[in-house]
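User: Please take a close look at the part where the two chains meet. I would like one connected account of what each side contributes and what lies around it.

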Number of protein chains: 2
Amino acid sequence: MKIEGKDYKTIWLKDNCVKIIDQTKLPHKFVIKDLKTVKDAINSIKTMEVRGAPLIGATAAYGLVLSILENNDQSFLKKISEELINSRPTAINLKWAVHRMMKKIAGVNSDKILEIAINEAKEICEEDINFCKNIGLNGLKIIEEIYNKKKKPVNILTHCNAGWLATIDWGTATSPIYHAHKNGIPIHVWVDETRPRNQGANLTSYELNEEGIKNTIIADNTGGILMNRGEVDLCIVGTDRTLANGDVCNKIGTYLKALAAKDNNVPFYVALPSSTIDWETKNSKEIPIEERSSDELSEIEGVDQNGKIIKVRIYPQKSKSMNLAFDVTPAKYVTGLITEKGICEASENGLKELFK
Amino acid sequence: MKIEGKDYKTIWLKDNCVKIIDQTKLPHKFVIKDLKTVKDAINSIKTMEVRGAPLIGATAAYGLVLSILENNDQSFLKKISEELINSRPTAINLKWAVHRMMKKIAGVNSDKILEIAINEAKEICEEDINFCKNIGLNGLKIIEEIYNKKKKPVNILTHCNAGWLATIDWGTATSPIYHAHKNGIPIHVWVDETRPRNQGANLTSYELNEEGIKNTIIADNTGGILMNRGEVDLCIVGTDRTLANGDVCNKIGTYLKALAAKDNNVPFYVALPSSTIDWETKNSKEIPIEERSSDELSEIEGVDQNGKIIKVRIYPQKSKSMNLAFDVTPAKYVTGLITEKGICEASENGLKELFK
């Protein structure tokens, strides 16, 4: 997708160096950063320079490429693969991508290992782009149906950033929106700010602006009354891990919007590539919910009146704060899952039907 | 209640000047501000130097005292009373306090009018303090009951600031908490940050700190998963207007927490003095929901690393935002109303029983 009119992906390899868009600098600065070592890749995942389940997976895959450039010994790579998996706990794609890479390079001799790893990392990215494109084409049908009834701009609410910046291209939740826009359907997006890291404001609103899609940032508190007033036709969010039973783990606050959608009969869809499905975990209580630094709440970065980017403390000095990064939306509040293979019910049967 | 160990009320009269705590400066600075004219009072309500339904009512009452000092002509006062009522649309106490003052001074001759107005404004404040104290004693029973069963610290979630800073003293939602604390019940409060103006972080956490009550600030997105994990025993919030049918209009986001409480069987109480009941409006759709400047979302004040208080822009420059200040929680999601006269069901019958 576009930034200042120029096409980008979120990650690419050039001259044995992995290039990423440093997402902690957005929206105030657009910075392309070089990852030269696997430590850089791990750090980039931990500090959320890259974030979003699919992009975390791709970064881990390229992280393994970087580690092979350092040392292609299999036991070293095994150790690194564990470090990569542990760099963030909740998104399942990280584990998925690392396992896929490790399986591909297992036992490969040192002449070939780099080439095979690079090809597999590229393949993971290409596949994600295709999956996201198909999620868009499948989700487009839902938006078309609403538009054909309403004949007025379709209001879509989204939470956090499940945009192209969270994937390699297109995004998950945003892909149906981009496809609808390209097909001439008028769209307006309510963008949840998404405290504490404001990925809605900093990333989703930013990328929608760059693609010329109308959007309005709202406080995370606002979605309920908007739905109650009939100002939301549809919710679409992403997910960091969806269980085989249809329970959806996503950015903290998703659950509250799903409850409001249910209470007001607003359809609530979750968009995901199949790499985000956790087929093993049976109970959502077993999903590790990441707790991040409380500084992410008590400090915020912005632009002062001289145009300088600075960080300020916003809480009382004596106050404690707590920063859980995800919550779980029970399947019963999810209208459907939009995947690369089609739309299904958020249930074991629904998912099995699509992914036999 | 106390700030830095010293007892304060939120508003008082001294030498024909109304003193308030400028709440837009908290938590970074404690500033007492003089209101010398009724224009000052109106401005103070509009800019939220004073806020919270009961305190807005009291400020309007004192605003009329200030206007009498300028000009005690009844037609002038009538005009001013309308300006006061229109200074903010949603909280019902504003209208209630102004009507009560105007009724008291109607037709009073100019010798006596100032004294009568001062006495009535003081009476409104004294009554509010008593009401809030009784709300506390009534709500205390709910907390005691939980503590007697649990024998561990009681976790209470609150939204926005319905603390003593929103009233004259004690607060509404916080009054049961302060009373429980004074009675030796261990309490921990989850404080919703309450975007966009962060009254939870800036005011509730601040005032709880000053009273030595344990509290943790959380993003507004967090309450759902905390309730789901069993980490919230009870929610108590305030209200800007409660209809006779029990529907509760309060700070934006309250509705989402009420939905989560319902979904997780967490009791959800609303604390209010009877001055906050709107006996006339039949349907919550008729409540005017204030839309405030979008700058309150896109800009935020904090302390930089040199200790200087500055404002920064946090959103992408091209982005639009929208700032609704209140939402409505349907009575069916409210476990009970804690009033100065006792606790009742959030319904016409419940309220009529208490306030015949």
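Analyst: In this predicted model, 62 residues of chain A are in contact with 62 residues of chain B. The two chains bury about 4900 Å² between them, and 57% of that area is on carbon and sulfur atoms. On the chain A side, the residues that lose the most area to chain B are N221(A), L256(A) and M322(A), which together make up 14% of what that side buries.

The number of salt bridges between chain A and chain B is 4. In a salt bridge between the chains, R195(A) meets E193(B), with the closest N and O atoms 2.3 Å apart.

Strand pairing also runs from chain to chain. β17(A) pairs with strand β8 (residues 214-218) of chain B in the parallel sense, over 3 bridges. Within this pairing, M322(A) has I218(B) in β8(B) as its bridge partner; M322(A) is also among the residues of chain A that lose the most area to chain B. In the other direction, β8(A) and β17(B) run parallel and are joined by 3 bridges. Here the bridge partner of I217(A) is S321(B) in β17(B).

β17(B) has a further pairing inside chain B. Strand β14 (residues 291-292) of chain B and β17(B) run antiparallel and are joined by 2 bridges. R292(B) has N323(B) in β17(B) as its bridge partner. Strand β17 (residues 320-324) of chain B is mostly covered, with 4 of its 5 residues buried.

Of the 10 residues of helix α9 (residues 254-263) of chain B, 8 are buried, so the helix is largely enclosed by the rest of the structure. The buried residues in α9(B) are T254(B), Y255(B), L256(B), K257(B), A258(B), L259(B), A260(B) and A261(B). Just after α9(B), N265(B) takes a positive phi of about 55°.

Over all chains, a search of the whole structure finds 44 salt bridges. In one of them, the side chains of D169(A) and K9(A) meet at 3.1 Å, N to O. D169(A) lies in the loop between β6 (154-158) and α6 (175-182) of chain A, and K9(A) in the loop between β2 (6-7) and β3 (11-14) of chain A, so this pair ties together parts that are 160 residues apart in sequence. D169(A) counts as buried, at 7% relative accessibility, whereas K9(A) counts as partly exposed, at 35%.

Another salt bridge in chain A is formed by R292(A) and E290(A), whose closest N and O atoms are 2.9 Å apart. R292(A) and E290(A) are both buried. In chain B, the side chains of K39(B) and E83(B) meet in a salt bridge at 3.1 Å, N to O. This pair links distant parts of the chain, with K39(B) in helix α1 (residues 38-46) of chain B and E83(B) in helix α3 (residues 74-85) of chain B, 44 residues apart. E83(B) counts as partly exposed, at 26% relative accessibility. Back in chain A, salt bridges that share partners join R88(A), R197(A), E290(A), R292(A) and E296(A) into one network.

S81(A) is buried, with a relative accessible area of 4%. The side chain of S81(A) reaches the backbone oxygen of K78(A) at 2.6 Å. Leaving aside neighbours within four places in sequence, S81(A) is in contact with L64(A), V98(A) and M102(A).

Definitions and conventions
Residues numbered from 1 in each chain as written. Chains lettered and ligands numbered in written order. Predicted model: local features only at pLDDT ≥ 70, side-chain atom pairs only at ≥ 80, totals over all residues. Heavy atoms only, no water. Contact = heavy atoms within 4.5 Å. Buried area = accessible area lost by both parts, 1.4 Å probe. Pairing = 2+ DSSP bridges. Buried < 20%, exposed > 50% of the residue type's maximum accessible area, 1.4 Å probe, protein only. Polar contact = N/O pair within 3.5 Å; in protein donor to acceptor, adjacent residues only side chain to side chain.
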